[in-house]
Amino acid sequence: MTSVAELPGGFADKVLSAQSTFRSVMDAMARPGSIQCIASTAGTPVGMMRGAAAIALTLFDHDTPVWLDGQMSATADVAKWLKFHTSAPVVADSSIANFALIGDPQSLPALDRFAFGSNEYPDRSTTLVLQVESLTDGPVVELQGPGIDGSAAFRASIQPRDLFERLAINATLFPRGIDVVLVHDDSIVAIPRTTRLVRGG
């Protein structure tokens, strides 16, 4: 079992790295479908990609409950690393999580297992951070919505294959809904709840 002293480190420069990662996440959310690179480097526990680790170090804190899927929780290292570096509580109930870290997207639970927020507090929803096989190879995904001039297309190998079909529920729930960040290595693509699939996926 890994001791605290053996856990991978966090950001070498906490302030600058967190600022840089935050800008990358905000740029991704503002321009859905665009690939943003997270330049900040951080130690990562086994099973977490660099982009997911940087997002955790930037956005998670003691007030952000986090749910881990089966792959992420297969060993205690991820939960220990999150607790040590972010103080975020790891919860067993996905419906109260602010963030869900998904290492095996093919086994993503039904979206109604997560929080959709409320009309008064739509921000009290779960943001899914999905690690995917690729954000540059695979079927073409074409998106429309706020922040997109006409449409935005990118290639990605995304699991589950019906992810965008599931996310169509956002249209009926708005302003409630689920936001998604796709991660591959140190690259991310955001799919906010206002984004709609045109084709592909």
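This report describes the sheet, the salt bridges and some backbone features of a predicted model.

## Basis of the description

The model is predicted: local features need pLDDT of at least 70, side-chain atom pairs count only at pLDDT 80 or more, and totals for chains, interfaces and linings use all residues. Residues are numbered from 1 along each chain as its sequence is written, and side-chain values use heavy atoms, with hydrogens and water left out.

Helices (H or I, at least four residues) and strands (E, at least two) are DSSP runs, numbered from the N terminus. Two strands are said to pair if DSSP finds at least two bridges between them.

## The sheet and its edges

Strands of a sheet pair through backbone hydrogen bonds, either parallel or antiparallel. In this model, 6 strands form an open sheet with mixed pairing, in the order β1-β8-β7-β4-β3-β2. Its edge strands are β1 (36–37) and β2 (66–68), each of which pairs on one side only.

Strand β7 is mostly covered, since 5 of its 6 residues are buried. Buried means under 20% relative accessible area, exposed means over 50%, and partly exposed lies in between (1.4 Å probe, protein chains only).

Strand β4 (residues 127–131) and β7 run parallel and are joined by 5 bridges. Leu128 has Val180 in β7 as its bridge partner. With β8, strand β7 pairs in the antiparallel sense over 5 bridges, and here Val180 stands opposite Ile191 in β8. The strands β7 and β8 form a hairpin with 2 residues between them.

Side chains of opposite charge can pair when their charged atoms come close. A salt bridge is a side-chain nitrogen of Lys or Arg within 4 Å of a carboxyl oxygen of Asp or Glu. A search of the whole structure finds 4 salt bridges. In one of them, the side chains of Asp185 and Arg50 meet at 2.9 Å, N to O. Asp185 lies in the loop between β7 and β8 and Arg50 in helix α2 (residues 50–59), so this pair ties together parts that are 135 residues apart in sequence. Asp185 counts as partly exposed at 31% relative accessibility, and Arg50 counts as partly exposed at 38%.

The side chain of Arg50 also meets that of Asp186 in a salt bridge (3.6 Å, N to O). This pair links distant parts of the chain: Asp186 is in the loop between β7 and β8, Arg50 is in helix α2, and they are 136 residues apart.

## A further salt bridge

The side chains of Arg166 and Asp162 meet in a salt bridge of 3.1 Å, N to O. Arg166 is partly exposed, with a relative accessible area of 23%; Asp162 is likewise partly exposed, at 30%. As for shared partners, salt bridges join Arg50, Asp185 and Asp186 into one network.

## Backbone features in the loops

One joins Gln159 and Pro160, with omega about -5°; Pro160 is placed in the loop between β6 (152–155) and α4 (163–167). Another joins Phe174 and Pro175, with omega about 15°; Pro175 is found in the loop between α5 (169–173) and β7.

Positive phi values in residues other than glycine are a further feature. Ser87 has a phi near 65° and is located in the loop between α3 (77–86) and β3. Ser87 is partly exposed, with a relative accessible area of 44%. Asp185 is not a glycine, yet its phi is positive, at about 55°. This residue is in the turn of the hairpin formed by β7 and β8.
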